[in-house]
Amino acid sequence: MSQRKDGYADAVSYDESLDDRPSDDELDAAIENLEANGFDVVVVTDGEAALDEIQARIPAGASVMDGHSTTLEEIGFVEYLTEGDHEWENVHSEVYGIDDDEERQRARREAQASDYFLGSVNAIAQTGELVAADASGSRIGAYPFAAENLLLVAGTNKIVADLDTALDRLEDVAYPLEDARAQDAYGAGSVIAKQLVYRQEAEEGRTTLVLVRESLGY
């Protein structure tokens with residue numbers, strides 16, 4: 001089964017009312033509040049434009065790592081990082097090319113502090129907060145501090161009214177879809193073990209959210 005969202009959405013029961021794209025007014029409110037909380041926000045039309053935006057923002061020679069993200073797969077970033085014509089240091093391939101389990105785990109931790117770390121979030125509150133969760137923490141561990149620069153990509157379908165609803169979206173949309181994906185990918189379900197509510201970014205220019213006017217990711 002595909003790792004993309006469309007490989008699971010028809011087979012998994014989830015709250016589709018929390019996966020609708022916002023109105024223009026709702027989108028504008030979210031952007032205003034996110035920017036007030038210190039996040040840089042860029043809005044693009046589609047996944048291709050999102051990939052172009054990422055390519056333009058990461059300079060040659062930068063070390064680049066990503067946390068697992070269906071959204072990054074859907075826009076073509078994962079394939080581009082591993083196989084594309086770029087001049088970045090592909091930390092992802094370096095880490096997962098290590099055979100020794102303990103050494104690979106150590107390298108995964110060090111990779112959190114890459115020059116650029118990319119990922120997504122599970123929900124975006126119009127009130128300006130971001131919500132994300134992991135089973136292991138290997139993705140969201142980089143978000144609050146470790147990565148020098150953080151690039152997050154999300155479809156506008158992840159925008160909901162407020163923080164409480166964002167937490168509902170994590171439980172009732174992202175989790176059941178990711179649980180199904182994990183069963184296929186790892187032979188075991190997922191769990192919301194480590195959860196981040198990212199309320200504010202104090203370091204100017206560190207965290208950029210690329211919002212895509214499409215329904216992407218979990």
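User: Rings of Phe, Tyr and Trp pair if their centres lie within 6.5 Å. Which residues form one aromatic cluster?
Analyst: The model is predicted, and in it Phe77, Tyr80 and Trp88 make up one aromatic cluster.

User: How many aromatic pairs does a search of the whole structure find?
Analyst: The search finds 4 aromatic pairs. One of them joins Phe117 and Tyr143 in an edge-to-face arrangement, at 6.3 Å centre to centre and with 70 degrees between the planes.

User: Where do Phe117 and Tyr143 sit in the chain?
Analyst: The pair links distant parts of the chain, 26 residues apart. Phe117 belongs to strand β4 (residues 116-119), whereas Tyr143 is in the loop between β6 (130-134) and β7 (149-155).

User: Is Phe117 buried or exposed? And Tyr143, buried or exposed?
Analyst: Phe117 counts as buried, because its relative accessibility is 0%. Tyr143 is likewise buried, with a relative accessible area of 0%.

User: Changing topic: what is the volume of the largest pocket, and which residues lie nearest its centre?
Analyst: The volume of the largest pocket is about 800 Å³. Its lining holds 40 residues, and those nearest the centre are His68, Asp134, Glu178, Arg181 and Tyr186.

User: Which element gives the largest share of that lining?
Analyst: Helix α7 does, with 8 residues. By type, the lining of the largest pocket divides into 17 nonpolar, 15 polar and 8 charged residues.

User: What lines the second largest pocket?
Analyst: The second largest pocket has a volume of about 170 Å³. Its lining residues are Gln105, Arg108, Arg109, Gln112, Ser136, Gly137, Ser138, Gly141 and Lys194. They divide into no nonpolar, 6 polar and 3 charged residues, and α6 gives the most, with 3 residues.

User: Where is Arg109, and is it buried or exposed?
Analyst: Arg109 is in helix α6 (residues 101-111). The residue counts as exposed because its relative accessible area is 60%, and the cut-off for exposed is over 50%. Its C-alpha atom is 9.6 Å from that of Ala146, a residue 37 residues apart from Arg109 along the chain.

User: Last one, Asn37: what does its side chain reach?
Analyst: The side chain of Asn37 reaches the backbone oxygen of Arg199 at 3.2 Å. A polar atom of that side chain also lies 2.9 Å from the backbone oxygen of Gly128. Asn37 is in the loop between α1 (24-36) and β1 (40-44).

User: Is Asn37 buried or exposed?
Analyst: Asn37 counts as buried because its relative accessibility is 18%, and buried means under 20%.

Notes: Residues are numbered from 1 along each chain as its sequence is written. This is a predicted model: local features need pLDDT of at least 70, side-chain atom pairs count only at pLDDT 80 or more; totals for chains, interfaces and linings use all residues. Side-chain values use heavy atoms; hydrogens and water are left out. Helices (H or I, at least four residues) and strands (E, at least two) are DSSP runs, numbered from the N terminus. Buried means under 20% relative accessible area, exposed over 50%, partly exposed in between (1.4 Å probe, protein chains only). A polar contact is a pair of N or O atoms within 3.5 Å; within protein, one must be able to donate a hydrogen and the other to accept it, and residues adjacent in sequence count only if both atoms are side-chain atoms. Rings of Phe, Tyr and Trp (its six-membered ring) pair if their centres lie within 6.5 Å; planes under 30 degrees apart count as stacked, over 60 as edge-to-face and the rest as tilted. On a 1 Å grid over the protein atoms alone, a cavity is a set of points where a 1.4 Å probe fits but cannot get out, and a pocket is an open set with protein on both sides within 12 Å along at least five of seven lines; lining residues have an atom within 4 Å of a point. Grid points are joined across faces, edges and corners, and a volume is the space filled by probe spheres set on the points. Ala, Val, Leu, Ile, Met, Phe, Trp, Tyr, Cys and Pro count as nonpolar, Asp, Glu, Lys and Arg as charged, and the others, Gly among them, as polar.
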